Amino acid sequence: SARTSVDMAALQPAPDGAFLDAMREGLAALARSGRQIEVRLLIGTYPLGPDIDAKGVLELLAKDARAQPQSRLTFHVAAMRSCLGSDKCESYTWNHAKFVAVDGQRVFAGGHNFWAQDYLGKQPVHDLSLFLSGPAAADATGFANALWGFVCRRDGKSDGNGAVQFASLLPGGEIGKDCPQRLQLPTSPARGAVKVLAVARLGAGITEDFANQGDLARDLLLGAASKSILIAQQDFGFTLGRTDPLWPESTLERLADFLVADKGDVFIVLSNPNARAPVGESYSNGVALERVAKKMREVLLVRGKGLSEAQASELLCRRLHLAPLRFGPDQSWPENKPFANHAKFFMVDERAFYIGSDNFYPVNLQEFGYMVEDAAAARQLKRDYWDKLWRWSSSAASSIVVASACSNA
């Protein structure tokens, strides 16, 4: 009889296809149960796309649930972005996190969007997410509370700093507005045996205080490496019409410091240039892998004080392994369509790893993910995911390293 809850965070566009069907069926099942359940879905909207109609999304998802006379379900949908680059908040920020959290005890989180064309079609995007149970799952709802707090403070109003819409399905089937600033969670389960740290960032517009601790956590974990660093990402550089890419400078410095120590190797798998989803969504920032290797060399020469250009090239040639995504012997999809990598993953010393929504390339969005420090979990992830990924991707690595990292050009 206790109230239970489901929290979902997603990126525009709204869930579609089989994802929409599964959510609609799930909401109907919750309504039929007669239990008191509260569900929130928050969709981050970016300025170049059409605004999400929160009420329309709610009506579509809750169509079957509203027909259940015994329903005690409350369902909320919000579409929001917190900053539009105005003088007050000086950035573009919207939710980029992707997760489903249940009762603060179970969570699915990572890089997967709820887009059927991108993930369930003939040329699916490569991605990575995790299932987690235990008290760390409650942190996903804590993160969502911060975003919903912004939505509720705005009360559905937009201005030059952000845009907000929300709608609520109330028990009995009425649609109105009952903004759920916080979800109250049941008592947390007993502590588990695995060390887990939830890491997040709030970008701009939510608070004037520093709230991008996920950036610090990433660099601290990379900076602690002593044996190896494994990375799977979409891109390192960000362009958005720029000729000179933006780079994650502090993260590149941590990688360079590790390479200068000359104690281990860095392995990187990135998306293929010009990779796109079948319906046109881009999974490449247009920064060639050769340019990533050259940027790494530039940072290495700065961080490795006294390192000659020849020594930097030799070090990168031995220790940096950079490859485009492969998952089999083929080099692309049919018709030369490039493979798209959307995973946000890194592992340090085969003992600690991150899986979440945060890209390495620098954009000021709202992100959420988990760092897991557990040798057994790391071994399983490396065996079942990374080793297979690198087995195939490494076949395309050598030409990039020779052309960009090992030469003085």
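Reply: Begin with Pro13, a partly exposed residue with a relative accessible area of 35%. Keep in mind that this is a predicted model.

Me: Why is Pro13 called partly exposed?

Reply: Buried means under 20% and exposed means over 50%. Pro13 has 35%, so partly exposed is the label for Pro13.

Me: Where is Pro13 found, and what is Pro13 in contact with?

Reply: Pro13 sits in the loop between strand E1 (4-11) and helix H1 (17-33). Leaving aside neighbours within four places in sequence, Pro13 is in contact with Tyr46, Ile52 and Trp115. The peptide bond from Gln12 to Pro13 is cis, with omega near 5 degrees.

Me: Is Val6 buried or exposed, and how do you know?

Reply: Val6, in strand E1, has 14% relative accessibility. The cut-off for buried is under 20%, so Val6 counts as buried.

Me: What does Val6 touch?

Reply: Not counting residues up to four places away in sequence, Val6 touches Glu38, Val39, Arg40, Val100, Ala101, Val102 and Leu183.

**Two residues with positive phi**

Me: What is the phi of Asn274, and where is Asn274 placed?

Reply: Phi of Asn274 is positive, about 65 degrees, although Asn274 is not a glycine. Its place is in the loop between strand E12 (265-270) and H7.

Me: What makes Asn274 count as exposed?

Reply: Exposed means over 50%. Asn274 has 59% relative accessibility, so Asn274 counts as exposed.

Me: What can you say of Glu335 and its phi?

Reply: Glu335 is a residue other than glycine with a positive phi, near 65 degrees. Glu335 is found in the loop between strand E13 (320-324) and strand E14 (345-348).

Me: Why does Glu335 count as exposed?

Reply: Glu335 has 70% relative accessibility. The cut-off is over 50%, so Glu335 counts as exposed.

Me: What makes H5 roughly parallel to H6?

Reply: The axes of helix H5 (residues 213-223) and helix H6 (residues 249-261) come within 9 Å and cross at roughly 10 degrees. Angles under 35 degrees count as roughly parallel, so H5 is roughly parallel to H6.

Me: Which residues meet there?

Reply: Arg218, Asp219, Leu222 and Gly223 in H5 meet Ser250, Thr251, Arg254 and Leu255 in H6. By class, this contact of H5 with H6 has two nonpolar, three polar and three charged residues.

Me: Why is H6 called roughly perpendicular to H7?

Reply: H6 and H7 have axes 9 Å apart and pack at an angle of about 70 degrees. The range for roughly perpendicular is 65 to 115, so H6 gets that label against H7. The crossing of H6 and H7 is right-handed.

Me: Which residues of H6 and H7 meet?

Reply: From H6 come Glu249, Leu252, Glu253, Arg254, Leu255, Ala256, Asp257, Leu259 and Val260. From H7 come Lys295, Met296, Val299, Leu300 and Arg303. The residues of this contact divide into eight nonpolar, no polar and six charged.

Me: Which residues touch the most other members of the largest nonpolar core?

Reply: They are Phe99, Val107, Phe345, Tyr370, Tyr385 and Trp386, out of 49 residues in the core. The largest share of this core, seven residues, comes from helix H4 (residues 138-154). Another core lies apart from it, with 35 residues, among them Ile231, Phe236, Leu300 and Phe360.

Me: What is Val107 in contact with?

Reply: Beyond its neighbours within four places in sequence, Val107 is in contact with residues including Phe99, Leu130, Phe131, Ala140 and Tyr370.

Terms used
Residues are numbered from 1 along each chain as its sequence is written. This is a predicted model: local features need pLDDT of at least 70, side-chain atom pairs count only at pLDDT 80 or more; totals for chains, interfaces and linings use all residues. Side-chain values use heavy atoms; hydrogens and water are left out. A nonpolar core is a set of buried Ala, Val, Leu, Ile, Met, Phe, Trp, Tyr and Cys residues joined through side-chain atoms within 4.5 Å. Buried means under 20% relative accessible area, exposed over 50%, partly exposed in between (1.4 Å probe, protein chains only). Helices (H or I, at least four residues) and strands (E, at least two) are DSSP runs, numbered from the N terminus. Contact means heavy atoms within 4.5 Å. Axes are lines fitted to C-alpha atoms, for helices over the stretch in contact, and angles run from 0 to 180 degrees between N-to-C directions. Angles under 35 degrees count as roughly parallel, over 145 as roughly antiparallel, 65 to 115 as roughly perpendicular and the rest as oblique. Ala, Val, Leu, Ile, Met, Phe, Trp, Tyr, Cys and Pro count as nonpolar, Asp, Glu, Lys and Arg as charged, and the others, Gly among them, as polar. A crossing is left-handed if the near helix is turned anticlockwise from the far one by less than a right angle, and right-handed if clockwise.
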